[in-house]
Amino acid sequence: MGKIAFLFPGQGSQTVGMAKDAADHDDRARAVIAEADERLGFALSKLMFNGPQEELTLTYNAQPALLAASIALLQLVDGAGLKADYVAGHSLGEYTALVAAGAMSFADAVYAVRRRGELMDEAVPAGEGTMAAVLGMDAEALEAVTNEIAAQGDPVEPANFNCPGQIVISGSKAGVEKAAQLAKERGAKRVIPLEVSGPFHSALMKPAAEKLKAVLDSLVIRDAAIPIIANVTAEPVTKKEDIARLLIEQLYSPVRWEQSVRTLLSLGVDTFVEIGPGKVLSGLVKKIDRNARVYAVNDLASFEATVAALKGE
């Protein structure tokens, strides 16, 4: 058997009830959720398990909730004796990957992403920035489009290189709308506006990055026990200095997800286990490499099926 990578989802995968069956079934999973409540000083668990969805989706709630749900599910995987050779997470999921790799404590990470969500929310007033997914256009052609619009004074840039033919752009509302229009004129199949509260992974997030640095400086970041594929570089990282620097840059740099998966494939990974709500990353991996073995652990049933499949080999 080749190597295994654990992948952790980012914002957008949150859903009411996530990780509830794991917490009901497993003491360690339950302890993770309780620790999140304690560290944040409010009942995040109530929001995770009962909603409402609109409140759960707010950036500063969704980020700690997804981290907590993913780490709770990781307790099940860990308890079954499954270990990863590498970890990676999409945007917010990178913090989950750091906890999985032993580079951050869960309590510090859940506090960090709560503050990260608040800072991202404050960086650009609501309604002034946005994001959109551009389908069916290659990176070079799309970068030409965003450069052209940005040069006219409306900030916009590629934010997530997710998989072939799926790139997310981010920037001012006007910039994203104009780039979307021009992309369609130049052959993009579809442009889908995203339900987000700001222009994440764009230069407009630089004010938030300055403040995030102060938050991270107050927490303990250690060398990682297993390599993390960083969003910013799509390369493995283990040194604490590099981890801290890249987390700051990540806020205003594109997420190089397609390249991150290709890096993992080149390192001998043939099995990907997405741990956390939803199946977004599993779908992206399949679009990048149809032959990769992909499993998603998003509840108790999928965990049992994944363990049975991997232990049966």
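**Helix packing, core and selected residues**

Analyst: H5 and H6 cross in a right-handed manner, meaning that the near helix is turned clockwise from the far one by less than a right angle. Helices (H or I, at least four residues) and strands (E, at least two) are DSSP runs numbered from the N terminus. The model is predicted, so local features need pLDDT of at least 70 and side-chain atom pairs pLDDT 80 or more, while totals for chains, interfaces and linings use all residues. Residues are numbered from 1 along each chain as its sequence is written, and side-chain values use heavy atoms, without hydrogens or water.

User: At what angle do H5 and H6 pack, and how far apart are their axes?

Analyst: The angle between H5 and H6 (residues 93-100) is about 35 degrees, and their axes are 9 Å apart. Axes are fitted to C-alpha atoms over the stretch in contact, with angles from 0 to 180 degrees between N-to-C directions.

User: Which residues meet there?

Analyst: From H5 come Leu67, Ser70, Ile71 and Leu74, which meet Tyr95, Thr96, Val99 and Ala100 of H6. By class, six residues in the contact of H5 with H6 are nonpolar, two are polar and none is charged.

User: Now the core. How many residues does the largest nonpolar one have?

Analyst: It has 79 residues, and Phe6 and Met104 have the most contacts inside it. Such a core joins buried Ala, Val, Leu, Ile, Met, Phe, Trp, Tyr and Cys through side-chain atoms within 4.5 Å. Helix H5 (residues 59-79) gives the most to this core, with 11 residues.

User: Is Ser45 buried or exposed?

Analyst: Ser45, in helix H3 (residues 44-50), is buried because its relative accessibility is 14%; buried is under 20%, exposed over 50%, and partly exposed in between (1.4 Å probe, protein chains only). Its side chain makes a polar contact of 2.6 Å with that of Asp37. Setting aside neighbours within four places, Ser45 is in contact with Ile33 and Asp37.

User: And where is Gln14?

Analyst: Gln14 sits in the loop between strand S1 (3-8) and helix H1 (20-25). Gln14 is also buried, at 8% relative accessible area, and its side chain reaches the backbone nitrogen of Gly12 at 2.7 Å. Apart from neighbours within four places, Gln14 contacts Gln53, Leu56, Thr57, Ala62 and Leu66.

User: What about Asp121, then: what is it in contact with?

Analyst: Asp121 belongs to helix H7 (residues 106-123) and is partly exposed, with 30% relative accessible area. Outside four places in sequence, Asp121 contacts Thr59, Tyr60 and Ser197.

User: Backbone next. Which peptide bond is cis?

Analyst: The bond from Gly51 to Pro52 is cis, with omega near 5 degrees. Pro52 lies in the loop between H3 and helix H4 (53-56).

User: What is the phi of His201?

Analyst: His201 has a positive phi of about 55 degrees, although it is not a glycine. His201 lies between strand S6 (190-193) and helix H10 (206-217), in the loop, and is buried at 4% relative accessible area.

User: And what is the phi of Ala234?

Analyst: Ala234 has a positive phi near 60 degrees. Ala234 is in the loop between strand S7 (228-229) and strand S8 (236-237), and its relative accessible area is 0%, so it counts as buried.

Methods:
Contact means heavy atoms within 4.5 Å. Ala, Val, Leu, Ile, Met, Phe, Trp, Tyr, Cys and Pro count as nonpolar, Asp, Glu, Lys and Arg as charged, and the others, Gly among them, as polar. A polar contact is a pair of N or O atoms within 3.5 Å; within protein, one must be able to donate a hydrogen and the other to accept it, and residues adjacent in sequence count only if both atoms are side-chain atoms.
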